[in-house]
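Please read this report with the structure open beside you, and look for each residue as it is named.

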Amino acid sequence: MRGSPRRGMDTTDVETVLVAGASGGTGRAVLGLLGSRVRTVRALTRSPGKRSSLRRAGADEVVIDDLLDPTDLDDTVDGVDVVVSTVGSEIGQALGSGPYVDGAGTQALLDAAVAAGVDAFVMESAIGVGEEPASPLATAFDLFIGPIQAAKAETEAALRSASIRHTILRPGVLTNGPRTDDVTVAEPGAKLYGTVSRADVARLLAAAPVTEAAADATFEVVGCPAFPDRAAAVDWQLPAPRGPNSVDLDVIDGAGD
Ligand SMILES: NC(=O)c1ccc[n+]([C@@H]2O[C@H](COP(=O)([O-])OP(=O)(O)OC[C@H]3O[C@@H](n4cnc5c(N)ncnc54)[C@H](OP(=O)(O)O)[C@@H]3O)[C@@H](O)[C@H]2O)c1
């Protein structure tokens with residue numbers, strides 16, 4: 001869906017999605033969700049050895065590149081409607097001096113996406129990133145992985161000022177639990193804390209480009225405990241399943257979000 005209005009993506013408009021960080025926990029969940037919903041899911045990894053497993057996880061195409069030393073990001077984003085970035089540094093890297101894939105790496109991908117006219121860029125960030133009032137959990141994140149959080153903050157800022165529709169999700173502690181669709185999303189500064197499954201975050205990342213209230217928005221997100229008094233009401237919509245006779249069982253009415 002190239003050249004469409006910034007806020008007007010429809011659930012049938014997303015045809016090609018690039019998932020960066022596709023081999024990671026959240027990335028694989030995004031592949032599984034989008035594999036049956038968009039025509040082409042392109043997975044990015046640094047490791048040629050992961051090609052087969054990424055295809056099994058739902059990727060139609062696999063691109064090999066390192067965002068911190070990219071060879072051909074123009075080709076990587078060519079023909080893409082939506083970029084979903086779930087890349088992240090390993091915790092131990094916070095002890096080093098960078099650069100970080102959360103910072104320079106994701107920004108290189110963003111620059112390529114903007115230059116190519118990609119419609120939407122969705123970023124998985126983390127609670128505590130940014131200047132808003134933070135929960136104790138967010139303060140702990142900042143304490144232990146401060147340089148990585150700072151790199152994410154730089155990328156968030158670059159994304160907000162770029163000429164591309166964007167959504168930033170800042171999850172709490174990620175788990176490998178099941179998808180529940182029972183999450184709380186809230187405006188930055190809501191001071192949410194708690195855990196959330198990668199599968200639940202993946203649903204929001206996949207839904208963001210076709211969800212009106214997620215356009216150019218940043219959300220904190222946790223699963224349990226929920227914070228109904230702080231929650232933003234968002235009617236999350238997933239890209240429509242492929243096939244003329246498909247029934248979309250996953251369109252969520254937003255209750256509990
Ligand atoms: N862990 C938590 O509790 C937590 C909480 C809040 C937010 N987050 C954030 O949520 C996001 C997803 O976390 P996750 O645990 O699901 O992911 P993950 O399993 O850590 O996977 C991250 C992926 O990033 C890719 N990557 C790393 N460096 C790269 C580079 N230079 N170029 C290209 N790709 C690179 C890796 O892919 P390849 O190895 O295949 O290249 C890896 O699969 C991250 O941004 C993380 O910081 C995590």
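## A residue before the first strand

T12 is partly exposed, because 14 other C-beta atoms lie within 10 Å of its own, which falls between the cut-offs of 20 or more for buried and 12 or fewer for exposed. This is a predicted model, and in it T12 belongs to the segment before β1. Although T12 and A240 are 228 residues apart in sequence, their C-alpha atoms are 5.4 Å apart in space.

## Around the ligand

Which residues come nearest to the ligand? Of the 25 residues around it, these are G24, T26, T45, R46 and G88. The elements that give two or more residues to this shell are α1 (25–34), α4 (101–116) and β7 (173–175).

| Helix | Buried residues | Cover includes |
|---|---|---|
| α4 (101–116) | V101, D102, G103, G105, T106, Q107, L109, L110, A112, A113 | β1 (16–20), α3 (73–77), β4 (82–85), β5 (120–124), α6 (146–161) |
| α6 (146–161) | I148, Q149, A151, K152, T155, E156, L159 | α4, β5, α5 (136–144), β6 (165–171) |

Just after α4, G117 takes a positive phi of about 80 degrees.

The helix α6 has 16 residues and reaches 23 Å from its first C-alpha to its last, which is close to the 22 Å expected at 1.5 Å a residue. Where do the buried residues of α6 lie when they are seen down its axis? They fall within an arc of 155 degrees, so they line one face of the helix. An α-helix has 3.6 residues a turn, so residues three or four places apart point the same way. On the other side of α6, G146, R160 and S161 are exposed.

## The nonpolar core

The largest nonpolar core has 76 residues, and those with the most contacts inside it are V17, V19, V30, L31, V83 and L205. Helix α7 (residues 198–207) gives the most to this core, with 7 residues. If residues up to four places away in sequence are not counted, V83 touches L18, A20, V77, L109, A113, V118, F121 and V122; among these, L109 and A113 are buried residues of α4.

Definitions and conventions. Residues numbered from 1 in each chain as written. Predicted model: local features only at pLDDT ≥ 70, side-chain atom pairs only at ≥ 80, totals over all residues. Near = placed C-beta within 6 Å. Helix = DSSP H or I, 4+ residues; strand = E, 2+ residues; numbered from the N terminus. Contact = placed C-beta atoms within 7 Å. Expected span 1.5 Å × (residues − 1). Arc of directions from axis to C-beta. Core = buried A, V, L, I, M, F, W, Y, C linked by C-beta atoms within 7 Å.
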